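I opened the file and kept short notes on what I looked up. The entries follow in the order I made them.

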Amino acid sequence: MENNLLFIANWKMNNAYADLVSYFNIFLPLYNQTKPVNDVVFLPPFTLLYLIKEILKATNLKWGAQNFYYESKGAFTGEISALMIKDTGSTYVLIGHSERRKYFKENSQIIANKLHKAFSENIIPIVCVGETLEERKSGKTFSVLANQMKPILKTYQNFINKEIVVAYEPVWAIGTGVNATIEEIKESHSFILSLFLKQSWVNDSNIKIVYGGSIDSKITPAIVSLDVVNGCLVGGASLKPEEFIKIVNTIRS
Ligand code: PGA
């Protein structure tokens, strides 16, 4: 797999206008002092997308949305469409995060519909998969991942020339301070990659598999030393610019 890595900041429901301005007042000077080799994507709340566009448009940093609705337009009060996201200069969108699966009841069909729409509108999807602690403890990790990957692969089959990012995020590692072990990450990433490679139509240069769950700058080098890992999806640690800059400057050893 490629040597440059992809680091994605998932800010979740954090940060307002003034926070974003002060964040980049710290982050950008630090970033500009480095010779960046990795790709970096920020996923702020919807309300900050136009502002982040203004702040980042002259940089090679990217941004995107944490969610959207798959219908093109119409009577869907409270929803945001793919075109609205594109208007903000977003190039990525997160789909099927476990918090959306859990709190907003997003199921495989909804996730497949969103994936289809993202590909159709040329937005790069970052689609999340991962098992709960109970599922891992009862030895169901691979079957859960296979089930979650089924609608993803079925949809992707129609868009094989497009880029896709799959984020492996064990639910028990998200926001808990507990990382999956290097061995667990290697196994799950290899398994997800094998599901792609089993498809005769797959072009693996369009596929990235990133790890998420309690990432910090100390653990990142070991995780990205695995060649089945293409980067990380970072929640809590991405809210601290001094910490996130260390993460995004990690070089694969
Ligand atoms: P975390 O979140 O880094 O705070 O565990 C990761 C995520 O949910 O994307």
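**Entry 1: strands.** How many bridges join strand β3 to β4, and do the two run parallel or antiparallel? I noted first that the model is predicted. I then found 2 bridges between β3 (residues 62–65) and β4, with the strands running parallel. For G64, I looked up the bridge partner in β4 and got Y92.

**Entry 2: sides of β4.** I checked which way the side chains of β4 (residues 92–95) point. Y92 and L94 point one way, whereas V93 and I95 point the other way. I recorded all four of these residues as buried.

**Entry 3: ligand shell.** I listed the residues around the ligand and got 14, of which K12, H97, E169, G175 and S214 come nearest. Sorted by class, the shell holds 5 nonpolar, 7 polar and 2 charged residues.

**Entry 4: polar atoms at the ligand.** I looked for N or O atoms of the protein beside ligand oxygen atoms. In K12, a polar side-chain atom is 2.8 Å from a ligand oxygen. In E169, a side-chain N or O atom lies 2.8 Å from an oxygen atom of the ligand. For S214 the polar atom belongs to the backbone, and its distance to a ligand oxygen is 2.8 Å. I then looked up the cover: on its own the ligand has 280 Å² of accessible area, and the protein covers 95% of that.

**Entry 5: R101.** I placed R101 in helix α4, which spans residues 98–103. Leaving out residues up to four places away in sequence, I found that R101 touches G96, E106, I111, C128, V129 and Q148.

Definitions and conventions: Residues numbered from 1 in each chain as written. Predicted model: local features only at pLDDT ≥ 70, side-chain atom pairs only at ≥ 80, totals over all residues. Heavy atoms only, no water. Near = heavy atom within 4 Å. Polar contact = N/O pair within 3.5 Å; in protein donor to acceptor, adjacent residues only side chain to side chain. Areas by Shrake-Rupley, 256 points an atom, 1.4 Å probe, with all protein chains shown as cover. Nonpolar A, V, L, I, M, F, W, Y, C, P; charged D, E, K, R; others polar. Helix = DSSP H or I, 4+ residues; strand = E, 2+ residues; numbered from the N terminus. Contact = heavy atoms within 4.5 Å. Buried < 20%, exposed > 50% of the residue type's maximum accessible area, 1.4 Å probe, protein only. Pairing = 2+ DSSP bridges.
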